[in-house]
Amino acid sequence: MNEVVATEKDKQVDLYDHAEKDISEVTGVPMEEMASRTVRIYKPARNAMQSGTHATRLWILDFDTQERWENPLMGWASSADPVSNVHVSFDSKEEAIAFAEKNGWSYTVDKPQEPTMVPKSYGVNFSWNKRTRVSTK
């Protein structure tokens, strides 16, 4: 029984050793198709329907769309590209660029657009100036 426990423990250590190795080349997609890919690196904009900014902290790397066509039966957009819906997140722009260069992909980097804050005053809501007053009728 002690021998079985030892082999299970060895397998767990072996799994952790493999986790540290680079596995970015093991995608299942033919290499000749992946070599000519262009990726876009960008920081997503804040959702207009929400006030939160948590989703805008990471940099996203996504692939260009190779080929799309319209499905004649249902009219849906179809694609045979296995990585067209893959989005990879990174903590910094430099990490995303290093990942694209390591895999040999050409890339474009979009500058993030920071929101411009317009200074507003709460007192303007109660102003008696005829230009700024809004009728409630």
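**Aromatic contacts in the predicted model**

User: What is the relative accessible area of Phe90, and is the residue buried or exposed?
Analyst: This is a predicted model, in which local features need pLDDT of at least 70, side-chain atom pairs count only at pLDDT 80 or more, and totals for chains, interfaces and linings use all residues. Residues are numbered from 1 along each chain as its sequence is written, and side-chain values use heavy atoms, with hydrogens and water left out. Buried means under 20% relative accessible area, exposed over 50% and partly exposed in between (1.4 Å probe, protein chains only). Phe90 is therefore buried, its relative accessible area being 12%.

User: How many aromatic pairs does a search of the whole structure find?
Analyst: Rings of Phe, Tyr and Trp (its six-membered ring) pair if their centres lie within 6.5 Å; planes under 30 degrees apart count as stacked, over 60 as edge-to-face and the rest as tilted. Across the whole structure, the number of aromatic pairs found is 3.

User: Which geometry do the rings of Phe63 and Trp105 adopt?
Analyst: Their ring centres are 5.0 Å apart. Because the planes meet at 80°, the pair is edge-to-face.

User: How far apart in sequence are the parts that Phe63 and Trp105 tie together?
Analyst: Phe63 belongs to strand β2 (residues 59-63), whereas Trp105 is in the loop between α3 (93-102) and β6 (106-109). Helices (H or I, at least four residues) and strands (E, at least two) are DSSP runs, numbered from the N terminus. The pair therefore ties together parts whose separation is 42 residues.

User: Are Phe63 and Trp105 buried or exposed?
Analyst: Phe63 has a relative accessible area of 9%. Trp105 has a relative accessibility of 10%. Phe63 and Trp105 therefore count as buried.

User: Which class describes the pair of Phe90 and Phe99?
Analyst: The ring centres of Phe90 and Phe99 lie 5.4 Å apart. With the planes at 45°, the pair is therefore tilted.
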